[in-house]
Structure formats: structure tokens, C-alpha cells
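Here is a short tour of a predicted model, written to be read alongside the sequence and the 3D view. Please have both open as you go.

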Amino acid sequence: MSDAERTLTLPTRWSQAASSWRDALGTLAVVARRDRFALVGIIIYVAFFAIALLSPVLAPYNPQELNYLPGGDVAANLPPSLSHPMGTTNLGRDIFSQLLYGSRAALMVGFVAALGVVILGTLVGLVAGYYGGWVDTVLMRLADVAFGVPFLPMAIVLVAFLGPNIWNVVLVMTLLLWRDTGRIIRAQVLSLRERSYIEAARVLGASHTRTMFVHIAPNVLPLSFLYGSLAIGWAILTEASISFLGFGDPNVISWGFMLQDAYNSQALARQAFHWFVPPGVCIMLAVMAGFFISRGYEELLFPRLRRR
Amino acid sequence: MLMPMLEVANLQKHYTLHGGMMASVFGGRRVVHALNGVSFNVEQGQSLGLAGESGCGKTTTAKLILKLLRPTSGAIRFAGRDISDLEGADLLGYRRQVQFVFQNPYEALNPRFTILRAMLEPLVIHGIGASALNRVERVADALRQVHLDPPEAFFMKYPHHLSGGQLQRVVIARALLVEPRLLVADEPVSMLDVSVRAGVLNLMRDLTRRHGLTTIYISHDLALIRYMCTTTAVMYLGTICEIGSTAEVIGRPKHPYTQALVAAVPDPDPTRAERVVKISDTVPTPLHIPVGCPFADRCPMVMDICRTVRPALRAIEGVRVACHLYEGPEEVH
Amino acid sequence: MALLDVERLSVEYQTLQGTVRAVRDVSFSLPPGRALGLVGESGCGKTTLARALIGVLPRNARITEGAVRFEGTDLLRLPADQFNDYRWRRIAMVPQAAMDSLDPVQRVGDQMVETIVLRGNLTRAAAADRARELFAMVGLQPDRLRLYPHELSGGMKQRAVIAMALALRPPLVIADEPVTALDVIVQHQVLQTLRDLREALGVSLLLITHDISVVASLCDDVAVMYAGRIVESGTVRQVFAEPRHPYTMGLRNAFPSLRAEQEHLVPIEGYPPDLAHPPQGCAFTARCPFAIPRCWEEDPVLRAEGDGQEAACHRAHEAPVLRVQAAEAFARLAGDEIRSAPREAC
Ligand SMILES: Nc1ncnc2c1ncn2[C@@H]1O[C@H](COP(=O)(O)OP(=O)(O)OP(=O)(O)O)[C@@H](O)[C@H]1O
Ligand SMILES: Nc1ncnc2c1ncn2[C@@H]1O[C@H](COP(=O)(O)OP(=O)(O)OP(=O)(O)O)[C@@H](O)[C@H]1O
Ligand code: SF4
Ligand code: SF4
Ligand SMILES: [Mg+2]
Ligand SMILES: [Mg+2]
């Protein structure tokens with residue numbers, strides 16, 4: 001390839017990748033404008049993002065740090081006060097700070113897992129739908145397996161096996177959640193493959209790879225994003241469940257971890273609402289936000305589905 | 001004799017239906033005999049029209065030529081070379097020489113690409129043009145050639161911003177960007193408004209003449225073929241029943257099917273007398289192909305031999321006809 | 001008296017993009033026993049007009065003005081239940097693409113009986129008899145009633161939906177694109193059936209199509225529609241032999257004919273206007289080679305041009321001269337010099 005050609009292919013590839021992303025963000029803006037709920041979802045995520053970024057500044061204490069009373073005793077099980085807005089845990093950690101830091105784990109798990117799901121699911125769907133034949137059969141059997149296993153138990157087993165590390169949680173989530181995206185994208189590719197403009201790409205001389213990634217992919221990305229936005233909520237919820245059950249990363253403060261901590265210290269029995277309600281509410285908000293956004297996407301992509 | 005540009009020899013294409021509704025509907029028979037031995041040659045500079053009713057295999061023929069489908073049997077040779085085993089660089093070379101204009105212009109352009117992006121695609125794929133700027137200039141020229149002027153106004157538009165006629169012009173311009181030798185057009189104007197059809201047809205005629213292109217037009221509209229083509233082939237149920245110069249085939253049709261087809265075309269001039277067409281309107285299905293003449297069930301002139309012996313193409317008065325009514329030397333392939 | 005008299009009918013659609021003025025100030029009349037062809041390009045408002053006539057417009061449509069007089073009664077002023085008495089009984093319609101909307105899982109005969117019972121208050125037995133009678137009338141063997149739609153060919157399905165429209169012996173049938181998407185031979189046979197029916201039953205026909213040849217072979221009168229308006233009307237012979245509107249003149253040379261000696265086609269440059277923003281003056285101005293300054297400002301009304309022919313053009317009185325210049329003028333506008341120059345070998 002000559003230099004001149006490289007200069008043209010690169011910009012077109014870039015501008016095209018950019019246009020897909022711009023497309024995706026553009027659709028997000030349209031979704032937000034059309035659908036109140038989706039707007040609320042987006043606002044919730046933006047707020048969580050801000051909190052996650054600013055948690056070192058916002059948090060009054062180190063979430064892992066044990067606090068002491070002026071007398072030297074551990075400041076355990078304090079009710080909400082001005083210095084500890086949500087009180088402290090039984091080991092004297094500041095709950096408010098934990099809550100703020102917990103957003104980091106939640107968002108990271110949610111978004112990285114969702115990204116993984118989008119990438120893996122789209123890739124599998126594209127390849128299976130485009131090539132068909134045995135490639136398709138093998139990949140779809142794999143999807144069946146992913147569908148067949150009970151989700152939460154499998155996630156726990158895998159995390160336990162791989163080690164309780166937050167990246168493993170993300171990996172496991174990706175491995176288990178790609179199946180819906182993969183199937184849907186495959187079905188979409190199957191119908192796109194017959195469209196004239198995809199045949200036109202072949203006639204123009206585009207290779208299989210080029211046809212798949214340059215011509216078909218932009219047309220399925222909105223659908224991938226729909227399933228990605230669904231996966232965010234799922235992943236956050238699953239991470240919380242895993243941590244709550246005690247299989248999570250002990251070094252990372254997450255909302256599920258907080259719940260487990262609260263549960264183990266009989267916070268429920270002591271009616272220490274200030275301890276277990278805030279993380280519960282945060283999990284609920286994050287999951288709901290993901291659901292709202294995906295619903296907005298769905299409305300935009302398949303307007304007829306919901307109007308009936 | 002000069003080698004024909006395109007040779008199609010005894011081409012067959014059968015589709016197998018996979019279960020589902022079609023299979024149950026048609027009582028277990030599951031093979032669609034879309035093409036049953038089609039042969040024709042296209043010479044350099046010629047324009048061939050493929051006519052026939054819906055389902056007779058016109059689009060299938062085109063897609064086989066474009067290597068979008070694999071034939072069940074038979075051969076297609078381009079400039080003497082069999083195209084069935086082309087791969088890699090050879091295939092790319094073939095793709096550069098043979099281009100296609102699709103029936104539905106609303107479907108032929110990727111909805112997510114701007115016009116500029118869609119038109120740069122073939123140049124990038126084939127490495128045409130020395131620089132990015134040069135490529136954009138080529139695109140602009142091509143758009144100007146199809147009367148989309150000024151081209152810059154169309155660069156950043158998406159397909160849904162354009163009308164059908166404009167889209168079909170873009171598709172034509174894009175096909176010509178790689179400077180092909182053979183252009184296949186499948187019903188290029190059937191989806192367009194009456195008043196814009198002439199513009200697209202004239203454009204194709206002028207451009208193909210100017211570039212010395214060989215063309216194959218596919219259409220169910222005999223009038224269009226009469227206007228665009230020097231040679232006409234009439235297809236029926238996956239075979240060619242008559243082929244020859246357009247003036248002969250349409251002006252003095254020999255095959256009973258061609259005669260019916262020509263007579264059935266309504267006339268825009270109300271003073272011309274109605275013609276009578278005596279054949280039934282039951283369109284045959286390619287799920288079961290008769291042993292003898294495929295047209296026997298509907299033919300008003302049917303004879304005993306027609307039901308048992310498949311008529312081959314014979315040279316009759318300058319055209320070639322597949323019908324037992326005519327006698328002449330049979331062709332062998 | 002005319003069977004159907006449409007006066008200054010206008011229909012609008014409310015859409016997200018704004019108001020689409022699909023039918024604008026349309027007037028025509030149809031004498032009993034005659035066949036009127038309504039021709040025009042896709043989107044010019046033909047279907048909208050037909051649906052307005054039998055009162056089955058979509059919900060976002062509104063008739064803004066005008067009258068539809070059927071045998072002297074203005075249907076638009078009738079209360080809904082009385083309008084119902086006219087629909088199907090007096091005016092029947094073969095909707096566009098009706099043959100594709102037959103229920104695939106119900107036998108054609110059952111669908112017909114159902115429809116006849118529903119529209120005509122007949123008993124099932126009487127309806128079944130009627131269905132057999134109708135099938136024979138449109139040239140189908142009555143035993144075909146037992147088949148499912150996919151077992152019928154396109155032509156048969158089209159005959160079946162025509163039969164349904166005839167169920168209650170209406171004096172007026174509106175057929176919207178009845179032969180579009182049919183193959184030539186099938187199209188020819190269905191047109192023949194329509195012709196026979198007209199003769200046998202004496203029904204009046206409003207035939208809607210984009211195909212001028214279909215009108216020429218079946219109709220007595222023709223109305224040419226462009227961008228929501230009727231721009232020319234008259235008998236088929238008058239309008240095709242001596243068009244008075246530049247659009248009709250342009251159409252004559254715009255598509256190939258199988259029989260006429262025709263050196264080359266002359267396109268009509270440009271595209272029809274967007275009906276959400278119809279231009280101020282004549283809707284054809286941007287594509288008309290004969291436009292004068294007045295055309296950009298003032299929308300011409302449909303005026304009698306003698307002998308029953310009508311045209312909506314400021315220069316209709318110059319028609320004989322314009323007709324001679326038309327081919328060349330349209331070609332010049334399209335920048336089609338290539339064709340007038342002698343062809344050289346490439
Ligand atoms: N992918 C397919 N699978 C099964 N049958 C097919 C397929 N594609 C085409 N056919 C059948 O093959 C026959 C020929 O089809 P083809 O599209 O070539 O016809 P055509 O002459 O182009 O018709 P038309 O004028 O309607 O476009 C038809 O009976 C059609 O139903
Ligand atoms: N339900 C609707 N809502 C909004 N606009 C509509 C609706 N139906 C039709 N239109 C618009 O009204 C105009 C006239 O449409 P109509 O269906 O009457 O055209 P037509 O002449 O029948 O076209 P065709 O030949 O394609 O059937 C078009 O611009 C169309 O887009
Ligand atoms: S071979 Fe026989 S059936 Fe076939 S077209 Fe000729 S006369 Fe008719
Ligand atoms: S009114 Fe003017 S623009 Fe319209 S058709 Fe007549 S001459 Fe042409
Ligand atoms: Mg076809
Ligand atoms: Mg219509």
C-alpha cells in the first residue's frame with residue numbers, strides 16, 4: 001500500500017469509527033430527548049459517574065480506615081451524625097465514604113462488563129450470522145450452553161475458581177452475558193446479509209472481513225448498544241449478589257460488599273437502616289437506570305413493539 | 001472469430017428449500033428449478049436484454065454472473081476465463097470489470113453511509129486514485145456525469161435524503177467509478193416514478209455508449225428492452241425460448257410465448273386496436289419442470305411432441321428459437 | 001346527471017414533518033356507465049383521493065373542504081351511519097395491494113362470505129351463493145373458493161378481490177392500482193376481465209393507476225394528477241392525442257413504447273415537489289420548460305378548454321404551439337444535448 005493510499009484509508013476508517021460512535025451518542029441524545037425515563041436513567045448514571053470520579057474529594061474518610069472516638073475507642077456502630085452522615089460500621093468505618101467509593105466498583109463492573117458483552121456478543125453474532133454453516137452451528141451451541149447454565153450459581157462458581165478479584169468478576173459477567181447480544185445480532189445479520197447494499201458491497205469487491213466490519217457492523221451497533229445498556233444493570237446486580245454472598249473481591253468496597261458487611265454484623269436485627277438502606281437504594285437506582293435507558297433505546301429501534 | 005466477452009453455457013441453478021412453510025405447502029417437493037440450462041453469449045459492446053415474467057430466473061442469472069451465487073452446474077466464462085474458481089486478487093480483478101445496478105435504489109446504498117463515503121468505497125477497495133483528494137475528485141466527476149450537480153451538495157447527504165431517481169443515479173455513478181467493462185442492470189427503473197425513468201434510462205444509455213461498455217439489462221418491460229438493447233433474450237421457466245436481434249424478437253416474434261408477451265403489452269396510444277392473448281394467466285411454478293417444452297401447458301399451438309421432447313434452440317431466420325414449430329439445425333453446447 | 005361529482009376536494013395529513021397537502025382542490029365528475037382513469041406518479045395523492053371518496057381515510061387525515069356528491073347527495077355532509085349505507089353498497093373499492101392483504105390462513109371463499117355477510121347483512125347461505133356467482137363472473141372456477149390465498153396465482157387473487165368489491169352490485173367501483181405488480185400477460189387478462197364486467201354489469205369505474213397504457217386500454221376519460229391536483233382531464237383520445245398541460249405533453253415522450261416509432265425518450269427533469277411544502281405558484285413550474293413569471297406566483301385553476309377537455313395551466317390556450325415544441329423544450333431543460341447531436345462511434 002502506498003503512503004497516499006494509507007492516508008486515505010486511515011482517515012476513512014477513523015471517520016467511520018468516529019461516525020459509529022457519534023451515531024451511538026447521537027442516538028443516546030435522541031433517546032434522552034424522546035423518553036423521560038431514559039433521560040432519568042442517563043442523569044442517574046452521570047451522577048454516579050461524577051461521584052465515582054470525585055469520591056476521593058467528596059468522601060470525608062478513607063472507607064477502609066477505622067475511626068476512633070476521641071476517647072480512643074473504636075467509633076463502632078455510630079448513628080448518623082454530622083461527622084458521620086450515615087453513621088459507622090461495627091468496625092468503625094464511615095458508611096457514607098464507603099457508599100461513595102462503592103459507586104466506583106459498581107460502575108466499573110457495570111460498564112466494563114457491558115463493553116465486553118457488546119464486543120464479544122457483536123463479534124460472535126457477526127461471524128455466526130455472516131458465515132453461517134458450521135461456524136454458526138458451533139457458536140450458537142456455545143450460546144445455548146451459556147443460556148443453559150444457571151446464571152448466578154455459575155457466576156459464583158467461576159469467580160470462586162478464578163479467584164475473588166474484581167477483574168475476574170467482570171470477565172465472568174462477560175462470558176455469561178454475551179449470549180443475548182450474540183443471538184440477537186446474529187439474527188439481525190442474517191437478514192442484513194440478504195439486503196441489496198450488502199450484496200452491493202460484495203459486487204464492489206469488498207472482502208468478507210470488510211463486508212462484515214465496515215458494511216454490516218454499523219447497522220447492528222445500535223442493537224448492540226441496546227443489549228449493552230441492559231447488561232450494565234445486570235452486571236451491577238450480579239456483582240452485588242456475588243459480593244453479598246461473600247465471593248467478591250475483599251479489597252474492593254462495593255455496595256454488595258457493604259450489604260454483606262451489614263448483614264453479617266446483624267445490622268438488620270439492630271434496625272441500623274442507615275447502614276443497609278443506602279447501598280440497597282444505590283443498587284436499585286443503577287439497575288433501574290440501565291433498564292430505563294435500554295427501554296428508551298428499544299422504543300427508538302422498534303417503535304411498534306411498544307405502541308400496541 | 002472474436003472471443004465473446006461473456007459466455008454463459010448451460011447454466012443451471014436449483015435452490016433447495018429448507019423445511020418450513022414452503023415445503024409443507026408444495027407437498028414435499030423442495031427444489032426450485034430456477035435455471036434449467038441457460039446459454040448465451042455477450043459480445044464486446046453489445047447490449048443484451050433479458051425479458052420474461054416474474055420468477056423466470058432473470059435475477060438468478062444476473063447474480064450468477066456477478067458471483068453472488070454459485071451455479072448448480074454449467075459455466076460462465078468472462079473473456080475466455082471460467083469465473084467459478086476465481087479467488088483473491090483474480091476475483092478482485094473480476095469484480096472491477098463487472099458491475100451491477102440494483103433493482104431497488106432505496107436498498108442499494110448503506111443507510112449509514114453518506115453518499116461520499118459510499119462512493120469512496122470502491123476506490124478504496126480497488127486502490128484507485130493517487131491521493132485522498134484525487135479520489136474525492138473522481139467521486140465529484142462521477143456525480144457530475146450522472147447530472148447530480150453540484151456534487152458537493154450530495155457528499156454529506158444520507159440515502160434517505162435523496163429521491164429514488166437520485167439514488168439510482170448515485171448507484172450508477174458508483175458502478176462506473178471502477179471503469180468496468182460489463183454492466184448488469186436488474187430492473188433499473190422499475191421502482192422509479194414514470195417521469196424520472198426516462199432520465200435514468202437515457203443516462204445509462206449515454207454513459208455506456210460513451211465508455212464503450214457492454215451491458216445486460218434485465219426487465220419484464222419489453223418496451224424498455226426495445227429502447228435500450230440491440231439483442232433480446234426471452235426467458236421462460238429457467239430457459240431461453242427466443243434470442244436474437246431486438247428488432248426481430250420484438251417486431252416479429254416467433255416463439256408462441258414471445259408472441260403472447262408482445263401482444264399483452266398495453267398500448268399508451270388508445271387508437272391502436274386491442275390484441276387478443278389466448279394463453280392462460282396461470283404462471284407456472286419452478287418446483288416441477290415439465291419433461292418436454294416448459295411452455296406446453298399454456299401454449300395454444302401445443303403438439304404431442306411438445307410434451308415429451310424438450311425443444312432446443314434452433315437458428316431460424318436470424319434468431320434462435322426453442323420451439324418444435326420451427327425446424328432448423330439444433331445447437332449443441 | 002353525473003353519478004359522482006367531486007367538487008373542490010382537499011385533504012390534508014398531519015405528520016411530524018408538518019401538514020401534507022395530499023389532495024388540493026380536486027374537482028371532477030363521472031357520468032354513469034363510464035370509466036374514468038386517474039393517473040399520476042407515486043405520492044401525488046391518488047389513493048388519498050379514493051379513500052376520501054368512500055370515507056375510509058386514516059385518522060391523521062382531514063378533509064379540509066369540498067363536496068363528494070353521489071347521485072346528488074353530498075356524502076361528506078351525511079351522518080356516519082348513512083354514509084355506511086353507501087359504502088360497498090353503492091360505491092365499492094378495490095384497495096391498493098388488496099390481494100396481498102388476503103388472510104393467508106383462511107380460505108378465500110370463507111373470507112368472501114365473511115365480507116359479504118358483514119357488508120351486506122346477508123345470511124351465510126345467501127352469501128355463499130353470491131360468492132360462487134361472483135367468482136364465475138370474474139372468470140374463476142367457483143371450486144377455487146376452497147383454496148387458500150397462497151394456492152392462487154397473483155392474477156387469481158386480484159380477480160378474487162375484484163369479485164369482493166362487486167359483491168353488493170355497486171353502481172360505482174373504485175379500483176386502486178388493480179394490475180400493478182402483475183405480469184404483462186396476467187395484467188392483460190385482468191384488464192380484459194374488468195372490461196367484460198363493465199359491459200356485462202354496466203358499472204361505472206374509477207381506475208387509479210400510474211400506468212398511462214392501462215388507462216388507454218380500459219378507460220373512456222382520464223384525469224391526470226400532479227402534486228395533489230388534477231392538472232388535465234378529458235376523454236382519453238383528447239388528452240393523449242392533444243394534451244393541453246405541459247406535464248401531460250412531457251409524459252408522452254417520457255417512457256418507451258413497444259410499438260410507436262420512437263427515436264429517443266425525453267425525460268422530465270427534476271422531481272415532484274414535497275407536498276408538505278407545496279410551492280406557491282404552479283406545482284410544475286420547476287420542471288416546466290414553458291414557465292413564465294406568472295407561473296411562480298399564481299397557481300392556475302382547472303379551466304374548461306373546449307370540448308369537455310380541462311387543463312390547469314396559464315398557457316393552456318397556447319397548447320397547440322407548445323405541443324410542437326414540447327419534446328425539444330423538455331430535452332433542453334434536461335440538458336440532454338447529447339441525444340440531439342449525431343451519435344458517433346465510441
Ligand atoms: N434464495 C432463493 N431460495 C429459493 N428460491 C429462490 C431463491 N431466489 C429465487 N428463488 C426462486 O427462483 C425462481 C427465479 O427467481 P428470480 O429471482 O431469478 O426470478 P426473476 O426472473 O428475477 O423474477 P422477478 O421478475 O420477479 O424479479 C423463482 O421461482 C424464485 O422464487
Ligand atoms: N397516513 C398518512 N400520513 C401522512 N402522510 C401520508 C399518509 N398517507 C399518504 N401520505 C402522503 O400523502 C401523499 C399522497 O399519498 P397517496 O398514498 O395518496 O399517493 P398515491 O398517489 O396513491 O401514491 P402511490 O402511487 O405510491 O400509491 C404522499 O406524499 C404520502 O407520503
Ligand atoms: S414447443 Fe410446442 S409447446 Fe413449446 S412453444 Fe413450441 S409449440 Fe408450444
Ligand atoms: S402554469 Fe406555467 S409552469 Fe405550470 S404548467 Fe403551465 S406553463 Fe408550466
Ligand atoms: Mg428479479
Ligand atoms: Mg396509492
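Now let us turn to chains A and B. Here 23 residues of chain A are in contact with 29 residues of chain B. The size of an interface is often given as the accessible area lost when the parts come together. For chain A and chain B, the buried area is about 2,500 Å², and carbon and sulfur atoms give 58% of that area.

The table gathers some totals for this pair of chains.

| Item, chain A with chain B | Value |
|---|---|
| Buried area | about 2,500 Å² |
| Salt bridges | three |
| Residue pairs in polar contact (both at pLDDT 80 or more) | eleven |

One salt bridge you can look up in the view joins the side chains of B:Lys63 and A:Glu199, with an N to O distance of 3.3 Å. On the side of chain A that touches chain B, at least two residues each come from helix 1 (3–34), helix 7 (196–203) and helix 8 (208–244) of chain A. Helix 1 of chain A gives the most to that side, with seven residues. Sorted by class, the side of chain A that touches chain B holds ten nonpolar, seven polar and six charged residues.

Methods:
Residues numbered from 1 in each chain as written. Chains lettered and ligands numbered in written order. Predicted model: local features only at pLDDT ≥ 70, side-chain atom pairs only at ≥ 80, totals over all residues. Heavy atoms only, no water. Contact = heavy atoms within 4.5 Å. Buried area = accessible area lost by both parts, 1.4 Å probe. Salt bridge = Lys/Arg side-chain N within 4 Å of Asp/Glu carboxyl O. Polar contact = N/O pair within 3.5 Å; in protein donor to acceptor, adjacent residues only side chain to side chain. Helix = DSSP H or I, 4+ residues; strand = E, 2+ residues; numbered from the N terminus. Nonpolar A, V, L, I, M, F, W, Y, C, P; charged D, E, K, R; others polar.
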